[in-house]
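Here is a short briefing on some local features of a protein model. Take a look at the sequence and structure first.

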Amino acid sequence: MTIRPIQQLIRAQAVREGAGVTVHRSIGTQSLRHLDPFLMLDHFGSDNPNEYIAGFPSHPHCGFITFTYMLDGQMEHRDSMGNRGELDSGGVQWMKAASGVIHSEMPRQVDGLLRGFQLWINLPAAEKMSDPAYQEFPASKIPEVQTAGQSVRVLAGEYQGQAGVIKDPNTQVCYLDVGLDAQANFNLAVPKEHQGFIYVFEGSATSQNQALPQHSLAVLGQGDEVAVTAGETGARFILVTGKPIGEPIVQYGPFVMNTREEIGQAMNDYQLNQLVRKKAVFNA
């Protein structure tokens, strides 16, 4: 087995989104525009309600999947498919925007810690105009594997025989939330052709003697195994891998297609209130 080196470190950048919420973005920046099949990674987290209470009022998505993982707090989701979801600590949400969805994500709390991740995953051209779909799972449905020195929550993919609740046949995404005790080791075999990254959000860690700074995204290089060692205070990180789609990516904000012409059509549809063609009109 060949351990994957750290190919690039991306320091997350503060970005204002929604109605004024600060998120910290790593994929989707000038330093790393895309990491096929991943389009964007936002880490949000604050215990100051002034920094999140405005939330994310109704907005469109088209041509990709959003994967939201709540670490702490409560959010409410509503969309043009008629879904109303309550995403609580430890829960996950998967939304295939595809041909077009309008949704909102608003806090269900007025104080306390609100923390989590949102990952955007591309769709192949053949599915960009397919029907939207939605899944949501509470923390109790997420498999967790506990062994000496480590705890691994399996959101997607598989780890030690436990399969995650989210499945993406196009990209075979594996999404793990890994907690390690002080100086504990973690290893995972990963297909050579898959892209991947590590994002440490608690404690400290290294991979092949390369420091993995907190709140930085570490892009994995070539190889077939990931190896991480926790620092003196332990570590908690997400490890995400997936099969590249290998198609052109043309993105304009929340619209992700394969050509500029398709982007223009999506934007025109939205402006004419025709983006959502087959589902009920969004009602916040």
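Where is the place of Ala-98? Ala-98 lies in the loop between strand S9 (92–96) and strand S10 (101–107). This is a predicted model, in which local features need pLDDT of at least 70, side-chain atom pairs count only at pLDDT 80 or more, and totals for chains, interfaces and linings use all residues. Residues are numbered from 1 along each chain as its sequence is written, and side-chain values use heavy atoms, with hydrogens and water left out. Strands (E, at least two residues) and helices (H or I, at least four) are DSSP runs, numbered from the N terminus.

**Positive phi**
- Ala-98 is not a glycine, yet it has a positive phi of about 45°.
- Ala-98 has a relative accessible area of 0%, so it is buried (buried means under 20% relative accessible area, exposed over 50%, partly exposed in between, with a 1.4 Å probe and protein chains only).
- Asn-273 is not a glycine either, and its phi is positive at about 60°.
- Asn-273 sits in the segment after helix H1 (260–271).
- Asn-273 counts as exposed because its relative accessibility is 57%.

**The loop between S3 and S4**
- Thr-29 belongs to the loop between strand S3 (21–25) and strand S4 (38–46).
- Thr-29 has 7% relative accessibility, so it counts as buried.
- Leaving aside residues up to four places away in sequence, Thr-29 touches Ile-10 and Gln-13 (contact means heavy atoms within 4.5 Å).
- Pro-37 is also found in the loop between S3 and S4.
- The peptide bond joining Asp-36 and Pro-37 is cis, with omega about 15°.
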